[in-house]
Amino acid sequence: MELPQDDINVLIKRRFEELDELKKKGIEPFAYSFDVDSDSQTIKEKYKDGEEFNVKIAGRIIAIRRMGKASFTHIQDHLGKIQIYLRKDDINEMYDAFKLMDIGDIIGVEGFVFRTKTGEVSVHVRSLQILSKCLRPLPTPKETVDELGNKVIHDQFTDIELRYRQRYVDLIVNPQIKDTFIKRSRIISSMRRFLDSSGYLEVETPVLQPLYGGAAARPFVTHHNTLDTKLYLRIADELYLKRLIVGGFNGVYEISKDFRNEGMDRTHNPEFTMMELYVPYKDYEWMMKCVEQMVFSICTEVFGGPEFEFEGNKINFNPPWQRVSMIDAIKEKTGVNVITASDDEIMSAAKKFGVDIKNAVGRAKLIDELFSATVEPGLIQPTFIMDYPLELSPLAKKHRSKEGVVERFEGYVAGREICNAFSELNDPLEQKQRFLGQSRLIEEGDEEAHQIDEDFIRALEYGMPPTAGLGIGIDRLTMLFTGQSSIRDVIFFPQMKTEVKD
């Protein structure tokens, strides 16, 4: 077999040689199937001293201790690891074949469960089958115990960039990280149960869109060859979901991948997961209570309670959450009322508090950046920031009693946003004027301003009932619940720079 030139080294060469030797012995090193009937966790829980029982189990070899005509090996399956005991007299020629197997190989064994003299529940192997030969050595950590009895781990797979890039290896050698992704899945399932039990319908809307909208963001652009037209990866689901409200649905939601062509940091990945919900005849006050109930339900169902520790802070999701006006919050931190202040006064405050103003096109962006710099980091306990300036929210209704603001809130926890919601604008004439205002921002250089969507305006002209809308960032919610400081730790395959080959 010809080896890949980039991979010629002693360890890989040896594994390819083992592969050839297995084939020469007539042993297929890449099996089609194996009839598994148990797992490591069930075997350990089920075993009682003196009550041996037969099992079929498969897993990846993670440790080998050879002793002539007998060997002890640990294999790892999806629930943990278990020791297996092999004797030459029991498996005959397959014991010789076992000498050609290595750490990382996936095997299947059949045998009976027993307890060793050292007290470890193990499987005494009666038959052995190799299921997949591992051709690359795993960066398996080695454990030793120092003079004080402390466990010391050597050669641990800790290069964070490599772990993200080769998540498959990360999951093998750091199996504890699976817990984060299992919890992520359960968070989504719990959210879905809450919404379904509330009578809302889960739907799907287009990923490829002729116009992007529903948020302030730069899109990814592609081209459809057959239609010979430019298309965009969606930045939000909002405008299509509201079309369904126009069509008469009594509450719709979507859990989806959205895409924004923006920078990457601890809380931003260009591909991310959102849940968006739209409920007719409700407003943002109602939606705040809905969010409190939903998050509390997820906490208690998945984690057993509403209290968490995150980055040294004890977070309590018990409702009600604190409610604070955005205008009041900024004024408290800066002394500036951004509704009545002039553009120059806002610019002056932004400079004073170290806001990066080079990308802040227009008054609305300056206000947003000023809030992010001065208020956001201090929002540790769950807090609804309410009543945003009109310029920041082209899809929200004007506040029914306050001038210059809209009925909008964002939920903040531990200094980061987890949700965004409106009393949705349902006046098509006002919506068109808002879109025109966004167009002027595009002309001034704001790449994140909203496009004019004439079809959405036409949909509103058919009549959309009063509606409350919500978007929750699944990734950030998972970060909070699992204690992860980087969004990359809750996404299986985060976006990475192109790998440079040596």
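Trainee: Before that, what kind of model is it, and how are residues numbered?
Mentor: It's a predicted model, where local features need pLDDT of at least 70, side-chain atom pairs count only at pLDDT 80 or more, and totals for chains, interfaces and linings use all residues. Residues are numbered from 1 along each chain as its sequence is written, and side-chain values use heavy atoms, with hydrogens and water left out.

Trainee: Okay, which residues are buried in helix α11?
Mentor: In α11, residues 343–352, the buried ones are I346, A349 and A350. Buried means under 20% relative accessible area, exposed means over 50%, and partly exposed is in between, using a 1.4 Å probe and protein chains only. Helices here are DSSP runs of H or I with at least four residues, strands are runs of E with at least two, and both are numbered from the N terminus.

Trainee: What do the buried residues of α11 pack against?
Mentor: Helix α12, residues 362–374. Contact means heavy atoms within 4.5 Å.

Trainee: Is the α10 and α12 crossing left-handed or right-handed?
Mentor: Left-handed. A crossing gets that label if the near helix is turned anticlockwise from the far one by less than a right angle, and right-handed if clockwise.

Trainee: Which residues make that contact?
Mentor: M326, I330, K333 and T334 from α10, meeting I367, D368, L370, F371 and T374 from α12. By class, the contact of α10 with α12 has 5 nonpolar, 2 polar and 2 charged residues. Nonpolar covers Ala, Val, Leu, Ile, Met, Phe, Trp, Tyr, Cys and Pro, charged covers Asp, Glu, Lys and Arg, and the others, Gly among them, are polar.

Trainee: Now α13 and α14. What's the angle between them?
Mentor: Helix α13 (residues 428–443) and helix α14 (residues 454–461) pack at about 160°, with axes 9 Å apart. That makes α13 roughly antiparallel to α14. Their crossing is right-handed. On the α13 side the contact uses P428, Q431, K432 and F435, and on the α14 side E454, F456, I457, L460 and E461. That contact of α13 with α14 divides into 5 nonpolar, 1 polar and 3 charged residues.

Trainee: Switching topic: is R15 buried or exposed?
Mentor: R15 is buried, with a relative accessible area of 4%. It lies in helix α1, residues 10–24. Not counting residues up to four places away in sequence, R15 touches D102, I103, D105, K133, C134, L135, R136 and P137.

Trainee: And what about R192, where is that?
Mentor: R192 is in helix α7, and it is partly exposed at 26% relative accessible area. Leaving aside neighbours within four places in sequence, R192 is in contact with E202, Y253 and I255.

Trainee: Last topic, the backbone. Which residues does a cis peptide bond join?
Mentor: P319 and P320, with omega about 0°. P320 is in the loop between β15 (313–316) and β16 (322–325).

Trainee: What's the phi of N92?
Mentor: Positive, about 50°, although N92 is not a glycine. N92 sits in the loop between α3 (88–91) and α4 (93–98), and is partly exposed, with a relative accessible area of 44%.

Trainee: And A414, where is that one?
Mentor: A414 is in the loop between β18 (408–413) and β19 (416–423). Phi of A414 is near 55°, a positive value in a residue other than glycine, and A414 is buried, with a relative accessible area of 9%.

Technical notes: Axes fitted to C-alpha atoms, helices over the stretch in contact; angles between N-to-C directions. Parallel < 35°, antiparallel > 145°, perpendicular 65-115°, else oblique.
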